[in-house]
Amino acid sequence: MKAVVCTAYGKPVELVERPDPVAGPGQVVVEVEAAGVNYVDGLKGAARRWGVDVVVDPVGGELSEEALRSLREGGRLLVVGFAGGGIPRLPANQVLLRNRAVVGVDWGAWSMSHAAANRLMLQELLTMPGIDPAPPRARPLEEAGRAMDDLINRRVTGKIVLVPAS
């Protein structure tokens, strides 16, 4: 399995290959499909002295302001979406006083109007080391309701393919 590892305070994190854990007596192995990072702790820890250049924010909500505050002078906050549910209200003084920029990135619309460029970009991305997308999970068409519930409640990583009975 791949793991994000930090060996000491102040050192950068690394993506490394680790053996799959095996449960011992009285233990249980728990598979984590998603985890969160506190913006301020993570970003400021990584660039404690100067702040960060760019934050890509697909979450929105209250984390957007923390992301904005973590930027260095001249830094950019790329607003990609609102997976966290709330559309943020950002303090304009944080943008003005440190010459920061908040940029909307509507990749969905761009990818529709630039299909060939999008396809090429994704093909190049898939050749990069460490990029290993989850394969789609096949489910019988009869389980469509349960599959939708799993997607809505974030019990699925990647895509689900519904397969009709043959």
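I looked up Ser64 and found it buried, with a relative accessible area of 2%, where buried means under 20% relative accessible area, exposed over 50% and partly exposed in between, with a 1.4 Å probe and protein chains only. The model is a predicted one, in which local features need pLDDT of at least 70 and side-chain atom pairs count only at pLDDT 80 or more, while totals for chains, interfaces and linings use all residues. Residues are numbered from 1 along each chain as its sequence is written, and side-chain values use heavy atoms, with hydrogens and water left out.

**Helix α2**

I placed Ser64 in helix α2, helices being DSSP runs of H or I with at least four residues and strands runs of E with at least two, numbered from the N terminus. Setting aside its neighbours within four places in sequence, I noted that Ser64 is in contact with Asp57, Leu77, Pro88 and Leu90, contact meaning heavy atoms within 4.5 Å. I then listed the buried residues of α2, which are Ser64, Ala67 and Leu68. Viewed down the axis of α2, these buried residues fall within an arc of 100°, so they line one face of the helix; the arc is that of the directions from the helix axis to the C-beta atoms. An α-helix has 3.6 residues a turn, so residues three or four places apart point the same way.

**The sheet**

I traced an open sheet of three strands in the order β3-β4-β5, with parallel pairing; two strands pair if DSSP finds at least two bridges between them. Because β3 (52-57) and β5 (101-104) stand at the edges, each with a single partner strand, one side of each is left without a neighbour in the sheet. From one strand to the next the twist averages 15°, with axes taken as lines fitted to C-alpha atoms, for helices over the stretch in contact, and angles running from 0 to 180 degrees between N-to-C directions. Helix α2 (residues 62-69) packs on this sheet and touches β3, β4 and β5, its direction making about 150° with that of β4. I counted four bridges joining β4 (residues 71-79) to β5, and the bridge partner of Leu77 in β5 is Val102.

**The core**

Which residues form the largest nonpolar core? I found seven, namely Val52, Val55, Ala67, Leu68, Leu71, Leu77 and Val79, a nonpolar core being a set of buried Ala, Val, Leu, Ile, Met, Phe, Trp, Tyr and Cys residues joined through side-chain atoms within 4.5 Å. At least two residues of this core come from each of β3, α2 and β4, and β4 gives the largest share, three residues. For Val79, not counting residues up to four places away in sequence, I recorded contacts with Asp57, Val102, Val103, Gly104 and Val105.

**Two loop residues**

I checked Ser70, in the loop between α2 and β4, and found it buried with a relative accessible area of 1%. The C-alpha atoms of Ser70 and Val52 are separated by 6.4 Å, although these residues are 18 apart along the chain.

Is Asn99 buried or exposed? Asn99, in the loop between α3 (92-96) and β5, counts as exposed at 53% relative accessibility. I also noted that phi of Asn99 is near 55°, a positive value in a residue other than glycine. Most residues other than glycine have a negative phi.
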